[in-house]
Amino acid sequence: VQLQASGGGLVQAGGSLRLSCARSGTIFMLNHMGWYRQTPGNQRELVASVTTGGTTTYADSVKGRFTISGDNAKNTVYLQMNSLKPEDTAVYYCAAEVRLVTSVAFTTFWGQGTEVTVSS
């Protein structure tokens, strides 16, 4: 399973960015996909996630500003980030919790990370 993230960059405060994460590889079942972020010296934190049924979860700090969505046909999840703040600056990672054909347990796979920088 591979996750290819894209869409990061430099943006001014108040601006918008859209992250994409495309999943490839054979799986038996997908539980959910999500976006996490990490800044130097801090733990990776959940930003938003979406289940295959469409249930979404957001960190309190991004509610009302970020929207996660999935395109099951394209095996892709998106994170629309609006009203960006300098504190949103981080490396953003996409993740997918899947069950492989050869396993009975779910495993989390990670993308390579894409950097988001919000200038004040």
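## Accessibility and the model

A residue counts as buried under 20% relative accessible area, as exposed over 50%, and as partly exposed in between. The structure is a predicted model.

Most residues other than glycine have a negative phi. Asn-75 is not a glycine, yet its phi is positive, at about 50°. Asn-75 is found in the loop that joins E7 and E8. Because its relative accessibility is 29%, Asn-75 is classed as partly exposed.

Ser-83, also not a glycine, has a positive phi of about 50°. This residue belongs to the loop between E8 and strand E9, which spans 90-99. The relative accessibility of Ser-83 is 42%, and Ser-83 is therefore classed as partly exposed.

## The largest pocket

The volume of the largest pocket is about 160 Å³. Its lining comprises 14 residues, and those closest to the pocket centre are Leu-30, Thr-51, Gly-70, Asp-71 and Asn-72. Two or more lining residues come from each of strand E4 (29-38), strand E5 (45-51), strand E7 (66-71) and strand E8 (76-81).

Which element gives the most to this lining? The answer is E4, with three residues. By residue class, the lining of the largest pocket consists of eight polar, four nonpolar and two charged residues.

How values were computed
Residues numbered from 1 in each chain as written. Predicted model: local features only at pLDDT ≥ 70, side-chain atom pairs only at ≥ 80, totals over all residues. Heavy atoms only, no water. 1 Å grid on protein atoms, 1.4 Å probe; cavity = no way out; pocket = protein on both sides within 12 Å on 5 of 7 lines; lining within 4 Å. Points joined across faces, edges and corners; volume = space filled by probe spheres on them. Helix = DSSP H or I, 4+ residues; strand = E, 2+ residues; numbered from the N terminus. Nonpolar A, V, L, I, M, F, W, Y, C, P; charged D, E, K, R; others polar. Buried < 20%, exposed > 50% of the residue type's maximum accessible area, 1.4 Å probe, protein only.
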